[in-house]
Amino acid sequence: MAGVTTIGDRAERVPKQDRSRATRQRLLEAAVACLAEHGWAGSTVTVVAERAGVSRGAAQHHFPTREDLFTAAVEYVAEERSTALRALFPQGAADDRRAVISALVDLYTGPLFRAALHLWVAASNEEQLRPQVTELEARVGRETHRIAVDLLGADESRPGVRETVQGLLDMARGLGLANLLTDDAARRDRVVTQWAVLLNEALA
């Protein structure tokens, strides 16, 4: 009968929805990998679609423009990493601030940060891309700051605490930039240790 959805219709539709979600996720992960490896100039929709194992048409069905694809990709992985960071310390970690600082620094030394950096550079030259990336960076920055405050047990009602936490994140970003050229893990470890001392004093 017209207008009646049968059990068979529903059974057929659910797998299609699952396939659509799986395709979207493959595209997002492939976009981040391409951006991290090849930069903006070498990361076209066609290249990403080939890496994800889908057609260009399927890619454009999910993401009509190149800008949509790459901003969504970096946002997706940022959200995944934020979830993973919180999962490392489900009960909070104010008693082990060094571990929190180390985990935050790790956020800025992986392929996500490298991909985001390429996106920022592209946005500085691409008028169509800049508003999306600016909004995305502000949102990701706010979320990372909230996570840091929660995990460090920081009381931002106290003078200077908010700036101290932001300084930590700025430091972590700086270490991420340095890591693009050389993996100086030993130096990074010493910096993390010193910041743990400073934060324990500042947040006591």
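Predicted model: local features only at pLDDT ≥ 70, side-chain atom pairs only at ≥ 80, totals over all residues.
**Exercise 1. Aromatic rings**

**Exercise 2. A pair between separate parts of the chain**

Task: A search of the whole structure finds 3 aromatic pairs; describe the one formed by Trp 40 and Phe 70, and explain which parts are tied together by it.

Solution: First take the geometry, which is edge-to-face, with 5.4 Å from centre to centre and 65° between the planes. Then place the two residues: Trp 40 lies in the loop between helix H1 (7-38) and helix H2 (45-52), whereas Phe 70 belongs to helix H4, so the pair ties together parts that are 30 residues apart in sequence. Both Trp 40 and Phe 70 are buried. Finally, consider the face of the Trp 40 ring, over which Arg 66 lies at 3.8 Å from the ring centre.

**Exercise 3. Helix H7 and its buried residues**

Task: Compare the length of helix H7 with the expected value, and find which helices its buried residues pack against.

Solution: Start with the length: H7 covers residues 130-152, which is 23 residues, and spans 32 Å from its first C-alpha to its last, close to the 33 Å expected at 1.5 Å a residue. After H7 comes Gly 153, which has a positive phi, near 65°. Now collect the buried residues, among them Val 133, Leu 136, Thr 144, His 145 and Ile 147. The buried residues of H7 pack against helix H4 (66-88), helix H5 (97-107), helix H6 (111-125), helix H8 (161-179) and helix H9 (185-202).

Two of these residues can be followed in detail. His 145 has a relative accessible area of 5% and is therefore buried; leaving aside neighbours within four places in sequence, His 145 is in contact with Glu 156, Arg 162, Val 165, Gln 166 and Leu 169. Thr 144 has a relative accessibility of 6%, so Thr 144 also counts as buried, and with the neighbours within four places in sequence left aside, its contacts are Leu 107, Tyr 108 and Leu 169.

**Exercise 4. How helices cross**

Task: Determine how H4 is oriented relative to H7, and how H6 is oriented relative to H8.

Solution: Two packed helices are described by the angle between their axes and by the distance between the axes. For H4 and H7, the axes come within 11 Å and cross at roughly 0°, and these two helices are therefore roughly parallel to each other. Residues of H4 including Val 74, Ala 78 and Leu 85 meet residues of H7 including Val 133, Leu 136 and Ile 147.

For H6 and H8, the packing angle is about 90°, and the axes are 11 Å apart, which means that H6 is roughly perpendicular to H8. The residues that make this contact are Phe 113, Arg 114, Leu 117 and Trp 120 of H6, together with Arg 173, Gly 176, Leu 177 and Asn 179 of H8.

Conventions:
Residues numbered from 1 in each chain as written. Heavy atoms only, no water. Helix = DSSP H or I, 4+ residues; strand = E, 2+ residues; numbered from the N terminus. Expected span 1.5 Å × (residues − 1). Buried < 20%, exposed > 50% of the residue type's maximum accessible area, 1.4 Å probe, protein only. Contact = heavy atoms within 4.5 Å. Phe/Tyr/Trp six-rings, centres within 6.5 Å; stacked < 30°, edge-to-face > 60°. Lys NZ or Arg CZ within 6 Å of the ring centre and 35° of its normal. Axes fitted to C-alpha atoms, helices over the stretch in contact; angles between N-to-C directions. Parallel < 35°, antiparallel > 145°, perpendicular 65-115°, else oblique.
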